[in-house]
Amino acid sequence: MTARRRLFAELVVLGGLIIALAMLGPFGSYAVPLGSRLLHWALYLVTGYLFFRPVIAAGGALARQTRLPRWLAIAAACAFGAFPTSLVIVFAHAGAAWRSVSGAAIASAYLQTLIVGATVTIVQLLVERRTAPAAVAPAPADPPSPALAIAKATPGTTTPASTPAPTPALVELLPAHLRGRILCLENEDHYVRVHTEHGSALLLMRMRDAAAQLEGRGERVHRGWWVAREAVTAAIRQERNWKLRLSDGREVPVARASVPALRAAGWLDGAGA
């Protein structure tokens, strides 16, 4: 239902933008009748929406691969995506006279497409921020039962077997199909990407709040990463730099300032000195 609400919200905002641009008539479109302006901007924005909707995901992937800030990676994805989109639109308008399309016309179409695509992307980011689930504080632990307290205080009394650790509240914020063992957390601007054994999802919360809900299960190994101890399969040293390989094959960077504490805790055992 969250995905449907988000799509509905995006389409509502998109429709509002089409009407607003048709009424304002930017880029000289005010010279044509209102009906033609509506059709023109509907074509532009709907085409831009279809081509630019994957830009956020592409920007997020680029940020993870290059360590660029998420906003800069998304901007780069917008600039790249505007080029093929502008070609489609300008040649579609030219029709049979496509051979007469000039470089200046393509450049003008690229600029307009970039502006429209960036607008669509900003709309998606605003909707994403609005519809993302809010952070939930972890519930306080239940006090021990009187019987358990008496058993601990009485010499020679066997205490009941320890119960499994409660599921972190963070897991309950994830879509049902992604809930499972948390491998790591990745910081993305004002969001935290939670990587589980079933996939990943973005949550609107601070990294330190998310890590606090998982206290005792792992460590903040880098400013942008928290890693679950049980997810680490190997520690890799590359000259002065360290990485942790996780059970899903992902390699997470380790901040140099974190190396002594991780080595003392046994996280780097078995790796090169």
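Student: What share of the 273 residues in the chain is buried?

Tutor: A residue is buried when its relative accessible area is under 20%, exposed when it is over 50%, and partly exposed in between, with a 1.4 Å probe and protein chains only. In this chain, buried residues make up 34% of the 273 residues. The model is a predicted one, in which local features need pLDDT of at least 70 and side-chain atom pairs count only at pLDDT 80 or more, while totals for chains, interfaces and linings use all residues. Residues are numbered from 1 along each chain as its sequence is written, and side-chain values use heavy atoms, with hydrogens and water left out.

Student: How many helices and strands does the chain have?

Tutor: Both are DSSP runs numbered from the N terminus: helices are H or I with at least four residues, strands are E with at least two. Here the chain has nine helices and eight strands.

Student: Among contacts with a separation of 6 or more, what percentage joins residues 24 or more positions apart?

Tutor: Contact means heavy atoms within 4.5 Å. For this chain, the percentage is 53%.

Student: Which strand holds Glu186, and is Glu186 buried or exposed?

Tutor: Glu186 belongs to strand E1, and Glu186 counts as buried because its relative accessibility is 4%. Beyond residues up to four places away in sequence, Glu186 touches Arg64, Arg67, Tyr191, Val192, Arg193, His195, Met207, Gly224 and Trp225.

Student: With which side chain does the side chain of Glu186 make a polar contact?

Tutor: A polar contact pairs N or O atoms within 3.5 Å; within protein, one atom must be able to donate a hydrogen and the other to accept it, and residues adjacent in sequence count only if both atoms are side-chain atoms. For Glu186 the partner is the side chain of His195, at 2.9 Å.

Student: Where is Glu188 found, and what joins its side chain to that of Arg193?

Tutor: Glu188 is found in strand E1, which covers residues 182–188. The side chains of Glu188 and Arg193 are joined by a polar contact of 2.8 Å. With a relative accessibility of 5%, Glu188 is therefore buried. Apart from neighbours within four places in sequence, Glu188 is in contact with Arg64, Arg70, Arg193 and Leu202.

Student: Which residues is Trp226 in contact with, leaving aside neighbours within four places in sequence?

Tutor: Trp226 lies in strand E5, residues 225–228. Its contacts include Ile182, Leu183, Cys184 and Leu185, and also Met207, Ala211 and Leu214. Trp226 has a relative accessibility of 3%, so it counts as buried. Between the C-alpha atoms of Trp226 and Glu186, 40 residues apart along the chain, the separation is 6.7 Å.

Student: Is Leu17 buried, partly exposed or exposed?

Tutor: Leu17 is partly exposed, because its relative accessibility is 22%. Leu17 sits in helix H1, residues 2–24. Its C-alpha atom is separated by 9.0 Å from that of Ala42, which is 25 residues away along the chain.

Student: What is the phi of Glu239, and where does Glu239 lie?

Tutor: Most residues other than glycine have a negative phi. Glu239 is not a glycine, yet its phi is positive, at about 60 degrees. Glu239 lies in the loop between strand E6 (232–238) and strand E7 (241–246). With a relative accessible area of 74%, Glu239 is exposed.
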